[in-house]
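My notes follow in the order I took them.

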Amino acid sequence: MRSERPNLNLWPIGNCQVSALIDDAGRFVWACVPRVDGEPLFSALLDGEEPKAGFWDIALEGCVETSISYLRNTPILLTRHRDEAGNAIEVVDFCPDYPQDAGLYRPMAFARIVRPVHGSPRIRVRLRPAGGWGRPADIVRGSGNYLRFGTGDAELRLTTSAPIGLVQEERAFRLERPTHFFLGPDEPFLQEIGSALDAMLQKTMQSWQSWVRGLAIPLEWQSAVIRAAITLKLCQHAETGAIVAALTTSIPEHAGSERNWDYRFCWIRDAYYTVQALNRLGALDILEGYLAFLRNIVDAARGGHIQPLYGVLGEAELEERIVPELAGYRGIGPVRIGNQAARQIQHDAYGQIVLSSAQAFFDERLFRPAGEEDFLALERVGQRAWENYDQPDSGLWELRNSQTVHTYSSVMCWAACDRLANVAAALGKPGRARLWQQRADRIRAHVEQATWRPQSRIFSASFEGDQIDASVLQLLDLRFIRPDDERFLATIDTMEKELRRGSHMLRYASEDDFGLPQTAFNVCTFWLIEALHLTGRSEEARGLFESILAQRTPSGLLSEDIDPYTGELWGNFPQTYSLVGIINCAMLLSRSWSTIR
């Protein structure tokens with residue numbers, strides 16, 4: 001049965017063109033078309049506690065038990081419903097995704113197959129799509145067994161083998177044989193729908209399981225890593241290679257926080273962390289797709305300013321506005337479209353571009369290895385890093401009303417210069433390698449001098465002040481500092497005292513534009529786990545990792561934030577940062593495969 005009020009026990013499906021979130025009753029409650037940042041086809045997730053539209057429910061009459069799981073190593077969902085008399089059905093939900101005619105079949109479509117399992121079950125189909133932000137779509141019956149409607153961004157058609165009049169009128173009927181639903185573009189469905197969808201299901205399952213089979217996963221925590229990897233792949237828009245930070249908008253960081261942001265865009269930072277994690281698993285298709293997107297961003301910048309985020313087609317203008325028609329998650333508004341952070345200055349982006357791109361100069365497996373022209377383009381990015389490493393910006397936490405010189409941003413600029421030196425050396429350019437290494441060394445010296453606070457024994461979060469910030473933990477992952485550096489060890493100790501709340505880490509504990517943070521930021525906990533392991537506290541790191549894995553939803557996923565006292569998840573879902581943390585920590589902490597030989 002469905003929980004009493006909306007929660008983040010959600011199950012993503014998708015095909016890297018469209019995606020949907022299905023709640024713990026098996027209802028579609030969130031999906032956007034024609035792509036992840038389009039208008040919502042289903043918006044019930046953001047329409048308060050009793051939405052009258054914006055969902056798609058296939059319900060068993062008198063249902064008393066519902067169980068949900070994924071088909072093994074896929075994003076294909078299997079939901080089972082049972083009533084008091086023992087009548088039962090199962091629903092298979094998926095987005096078609098498989099090779100076809102030397103390409104890939106990834107339509108803007110959702111498929112549902114409903115099968116009777118036991119007894120004489122009766123079902124009721126309630127298809128109530130949204131016609132835009134906050135209004136129901138007008139549904140019109142076609143001349144065949146289909147319904148038509150528009151969302152504002154797309155014209156859609158539901159083709160089904162169910163009695164179409166009963167579906168349109170939401171009347172219950174007995175389910176006596178498998179019934180199929182295909183919700184996609186407003187085009188004729190030219191095949192027999194039952195056999196066509198059954199074939200799509202098998203091909204989609206085989207395609208995903210083949211992709212998972214090629215991953216280099218760790219021995220321990222395999223199911224957690226596989227589910228995180230599948231979901232990260234769903235966050236890539238295959239057409240361009242862009243990787244969105246999450247599939248949702250406006251899930252608040254905590255109740256009444258006003259921290260309700262639209263994450264359906266490609267942050268240079270988040271995408272870097274995503275490809276870094278998937279590279280560790282050998283998922284090079286994600287890297288290659290993203291690098292194509294990144295090259296276009298760099299070309300368009302022409303050596304100038306690069307935004308922190310872009311639309312999935314590379315759009316630079318992402319005007320932020322509030323949608324008053326939707327009440328918000330649990331009625332906690334506002335609901336926002338677009339993101340003002342696209343206009344911010346965040347200098348860490350230069351480092352993340354170089355870090356994401358550097359592998360292509362060394363990895364001989366890639367279809368398109370990087371070369372001379374790519375290096376010249378990256379040097380323009382590096383020049384921006386060199387010019388701006390000691391300049392104020394909004395930082396990785398995207399503060400809206402203040403700017404300072406952030407340690408994290410400066411160290412990312414150092415990383416840009418340092419990795420460019422490595423690339424130049426690999427390309428046989430000793431002069432350029434010396435130049436970039438000299439610049440990296442100068443940045444390092446300046447950052448260490450400007451951020452180390454001998455009295456409080458911390459690396460400060462900025463060049464001015466004495467702030468504690470979990471982002472400083474990344475100095476270790478970026479190889480800016482050694483794990484045995486006494487200054488870093490002291491920083492960890494202070495950070496745990498100030499920011500750790502049980503098994504969770506805050507980003508910072510000071511007031512920002514919206515007051516004091518009340519929830520922990522999940523990726524910061526993973527950063528702490530990595531730091532603990534690398535500084536010799538491996539058993540403690542393993543315990544902390546097991547603790548946060550226990551906080552995942554039944555789908556095996558995490559959102560952005562968590563209440564450190566109740567364990568309740570908040571923030572946009574599923575959050576790429578958090579899934580990256582699962583993969584990175586599992587790869588770092590797992591026993592080797594050689595231990596079982």
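I began with Glu-398 and its accessibility: the relative value is 15%, so Glu-398 counts as buried, the cut-off being under 20%. The model is a predicted one. I placed Glu-398 in the loop between α7 and α8. Its phi is positive, about 60°, although Glu-398 is not a glycine.

I then turned to Arg-302, another non-glycine residue with a positive phi, here about 55°. Arg-302 sits in the loop between α5 and β21 (309-310). Is Arg-302 buried or exposed? Its relative accessibility is 72%, so I noted Arg-302 as exposed. I looked at these angles because most residues other than glycine have a negative phi.

Next I listed peptide bonds, since most are trans. The bond from Val-33 to Pro-34 is cis, with omega near 5°. Pro-34 belongs to the loop that links β3 (28-33) and β4 (39-42). The bond from Phe-573 to Pro-574 is also cis, with omega near -20°. I found Pro-574 in the loop between β30 (569-570) and α14 (576-589).

I checked the length of helix α7, residues 372-388. Its 17 residues at 1.5 Å a residue should span 24 Å, and the end C-alpha atoms lie 25 Å apart, so the two values agree. Which elements do the buried residues of α7 pack against? I noted α5 (284-301), α6 (348-358), α8 (407-426) and α9 (430-451). The buried residues of α7 include Phe-375, Leu-378, Val-381 and Trp-386, and also Asp-374 and Glu-379.

I traced an open sheet of 8 strands, with antiparallel pairing, in the order β6-β7-β8-β11-β17-β15-β14-β13. The edges are β6 (63-70) and β13 (140-141); each has a single partner strand, so one side of each lacks a neighbour in the sheet. Inside the order I looked at β15 (residues 155-160) and β17 (residues 179-185), which run antiparallel and are joined by 5 bridges. Leu-158 has Leu-183 of β17 as its bridge partner.

Last, I searched the whole structure for cavities and found 5 of 30 Å³ or more.

Definitions and conventions
Residues numbered from 1 in each chain as written. Predicted model: local features only at pLDDT ≥ 70, side-chain atom pairs only at ≥ 80, totals over all residues. Heavy atoms only, no water. 1 Å grid on protein atoms, 1.4 Å probe; cavity = no way out; pocket = protein on both sides within 12 Å on 5 of 7 lines; lining within 4 Å. Points joined across faces, edges and corners; volume = space filled by probe spheres on them. Helix = DSSP H or I, 4+ residues; strand = E, 2+ residues; numbered from the N terminus. Expected span 1.5 Å × (residues − 1). Buried < 20%, exposed > 50% of the residue type's maximum accessible area, 1.4 Å probe, protein only. Contact = heavy atoms within 4.5 Å. Pairing = 2+ DSSP bridges.
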